[in-house]
Amino acid sequence: MPAHRYRPYQAVHLPDRTWPENRIGKAPRWLSTDLRDGNQALIEPMSPALKREMFDLLVRMGYKEIEVGFPASGETDFDFVRSIIEGDAIPEDVTISVLTQAREELIERTVTSLRGAPRATVHLYNATAPLFRRVVFRGSREQVRQIAVDGTRMVMEYAEKILGDDTVFGYQYSPEIFTETELDFALEVCEAVMDVWQPGEGREIILNLPATVERSTPSTYADRMEWMSRSLSRREHVCLSVHPHNDRGTAVAAAELGVMAGADRVEGCLFGQGERTGNVDLVTLGLNLLSQGVDPQIDFSRIDEIRRTAERCNRMEVHPRHPYAGDLVYTAFSGSHQDAIKKGLEALEAKAAAGGGQVEDMEWEVPYLPIDPRDVGRTYQAVIRINSQSGKGGIAYVLKRHHDLDLPRRMQIEFSQIVQGRADAEGHEVTPDQVWRLFSETYLAWRQAPRPYLTVVGHKASDDAGGLVVEVSAGGVPVTLTGSGADLFEALGAAVRGLPVDVQVLDMASHPLGEGPGTAGGRVAVYAECAVAGKVLWGAGIGADPVLAAVEAVASAVNDRTVNDRTVNDPRDQEAGPASDDPPR
Ligand SMILES: CC(=O)SCCNC(=O)CCNC(=O)[C@H](O)C(C)(C)COP(=O)(O)OP(=O)(O)OC[C@H]1O[C@@H](n2cnc3c(N)ncnc32)[C@H](O)[C@@H]1OP(=O)(O)O
Ligand SMILES: CC(C)C(=O)C(=O)O
C-alpha cells in the first residue's frame, strides 16, 4: 500500500492534560443536525413531508436544539423553515438553528427564513485549515479570519434588521476543519469572532469545533478540545461544542473524550447519518450514557419506532449490528453466550421473586447484554436464537420463553443434540416454531403414529393402596399395570415393571403450562427419564390429566426406543412387517 502518500497526524503537546481523569456525570447539550448535515449527505434529500416527520420525531425524543437546514441552499430548506415557524410546530423549549456560509446574500436569505421564529440560532462557518486557505479561499490567515469576522458582523446586522426583538436570537460559529487547523489560528479566529459578537452575561456564543474529516485518534481530539477550552477567553460565556465525523470509525469515542475534555455540547445525527461515513451517532452516545447510569435526557424507549422513522426519512437502512438499535444487537446465537444470558435472566427473576422488587427496576446484571432490551422497547423474545453454534441453554430458553416448556437439565442435553443435528444438516437458523415442531416430533408424535408399540388405554387409582392401575396395549397385547408408592413417580416406576419390555423410570419432572403457542391453560407437562432395554431416553407427556401425561411420558420414551432400535420385540412385526411409517426420533 502507498503509505508514503500520507502524513501522520500532528500530536498536541499537552503533558498536563486533565481529561483522562474526568468522568461524564451528566448529559451534554445535544444538537441534532439530521435535517442539515444528515440531509445534505443523502442520495435523495428529504422531501418537506419527510423533513417534518424527522423534525417531529426529534422533538418527541426530547432534542432541544435542532439544526433544521441550510435555508440559502434552495427552496426546499427555506420553505421548510418557514413551514415549521408559520405552522407553530416549534415547542417553546426548542431552539432551531440554520447554517450558512459567510457570504452576504446567503446570510440575508438565511436570516430572512427565520422571520417570526420564537428562538433561533444562526450558525456560520468558514474553513480555516491551511489546505482550504491555500486551495479554496486562496487567501492568507488574515483574509480567512476576516471572512469569519465579516460574516459574524453581517449575521448580527441582518438579525437586527429582519428579526428585531421578535426572536430570541443566538449565534454559533464553526471554524470548519478545526481538526486540520493550527490550534493557535483556530483560537485567533474564534477570539476575533467573539470580539464582534461580544458574549457576556445572557449572551452566549456557541463555538463548535468540528472534526469535519476525522483523521486523528479520539485522544488527540480530546487534547485539542482541552487546549481550546483552557485557552479561550470569556470561557464562561462560551458553549463549547464538538461535531465529530466518523471517517476513522471513532466518532463516538471522539465525542465522549471531547466532552471529558471540556465540551458542553455535541452535534450529531441519529444512527450516525451524515457526510461520507457519517456524523457521530446520537443514539449510541445517548444510550452509552444510559448504560453508565447517566440519564441521556432523550427518550429512547421506543427504539424501533425511532429507527423505522429514521430509515423512512433517510431512505437508508440501519445495520443489524448497529449499537443498541440493530435487529441483532440483543441476540445471542452462540451456546456459551446463550447459557450465560439465560442464567443471568433467571437470576434476576429469582431475585425479584425473592422480594428484590420488579426486574425492570433492579440493577441490570445480565451477561453479554449491556442494557436491558426492554428499556428501549424490545422484548426478551429474540435475545436467544438457534443455529448450529447454539447450545442446550439457548434451546432450553427458546422452549421455555416461547412454548412454556421447562425441560430438566439432562433432557435439555438430549434434545439439544437433536436440534443441533437439524441445524447442522440444514445450515441455517432453527426458528422457535421449528424447535417446537422438533420437540413435538421427538416426544409427542408417537400418539399419531399408525402403530406405536405402547399405547395407554386408561388408568385409575386403585381403591386399596392409593396406587395406580393403568391399562395399556403393548405390541397389541392388552396389559394391566399396577403399582403403588409415595408419589406418582414411585407408583409409575413400580407399575411399568409389569410391561413385557425392560423399562425403569429413572427420573420424572412436571410443571403446569401457561398460555402460549403449542400450549393451553390448565395443562401440565411431564418429563420422564427411562432406561428402556438398558438405554436411557427421555419422554414427554402433555395434557390436562397429570397421571395420563406421566404415563404418556413413559410411553413416549418406550415407543421411541422400540421404533428406532427394534430391540423390543413387537409381536405384530411377525404379522405386518416393519412399521416404516412410524415417526422418526
Ligand atoms: C462541512 C459542511 O458540511 S459545511 C455545509 C455544506 N453544506 C452545503 O454546502 C449544502 C448547501 N449548499 C448549497 O446548496 C450551495 O453550496 C449554496 C447554494 C449555498 C452556494 O452555492 P454556490 O454559490 O453555487 O457555490 P458553492 O457552494 O460552490 O460556493 C463556493 C464558493 O463559496 C466560497 N465558500 C465556500 N464556503 C464558504 C464559506 N463558509 N464562507 C464564505 N465563502 C465560502 C468558496 O470559496 C467559493 O468561492 P468562489 O466561487 O469565489 O471560488
Ligand atoms: C459546518 C460544520 C460544522 C460541519 O458540518 C463540519 O465541519 O462537518
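Strand 5 (168-176) and strand 6 (205-211) each contribute at least two residues to the shell around ligand 2. Keep in mind as you look that this is a predicted model. Here is a short tour, starting with that shell and moving on to a pair of helices.

**The shell around ligand 2**

- The residues surrounding ligand 2 are Asp-37, Leu-99, Tyr-125, Ser-174, Glu-176, Asn-208, Pro-210, Thr-212, His-243 and His-245.
- Sorted by class, this shell has five polar, three nonpolar and two charged residues.

**Helix 6 meets helix 7**

- Find helix 6 (residues 141-163) and helix 7 (residues 183-197): their axes come within 9 Å and cross at roughly 30°.
- Because of that angle, helix 6 is roughly parallel to helix 7.
- The crossing of these two helices is right-handed.
- On the helix 6 side, the contact is made by Arg-141, Arg-145, Ala-148, Val-149, Thr-152 and Arg-153.
- On the helix 7 side, Phe-185, Glu-188, Val-189, Ala-192, Val-193, Val-196 and Trp-197 take part.
- By class, the contact between helix 6 and helix 7 has eight nonpolar, four charged and one polar residue.

**How confident is the predictor?**

- The protein chain has a mean pLDDT of 93, with 94% of its residues at 70 or more.
- Over residues 577-585, pLDDT stays under 50, and the model has 16 contacts beyond four places in sequence for this stretch.
- For the complex, the predictor gives an ipTM of 0.97 and a pTM of 0.90.

Terms used:
Residues numbered from 1 in each chain as written. Chains lettered and ligands numbered in written order. Predicted model: local features only at pLDDT ≥ 70, side-chain atom pairs only at ≥ 80, totals over all residues. Axes fitted to C-alpha atoms, helices over the stretch in contact; angles between N-to-C directions. Helix = DSSP H or I, 4+ residues; strand = E, 2+ residues; numbered from the N terminus. Parallel < 35°, antiparallel > 145°, perpendicular 65-115°, else oblique. Left-handed = near helix turned anticlockwise from the far one by under 90°. Contact = placed C-beta atoms within 7 Å. Nonpolar A, V, L, I, M, F, W, Y, C, P; charged D, E, K, R; others polar. pLDDT = per-residue confidence, 0-100. Near = placed C-beta within 6 Å.
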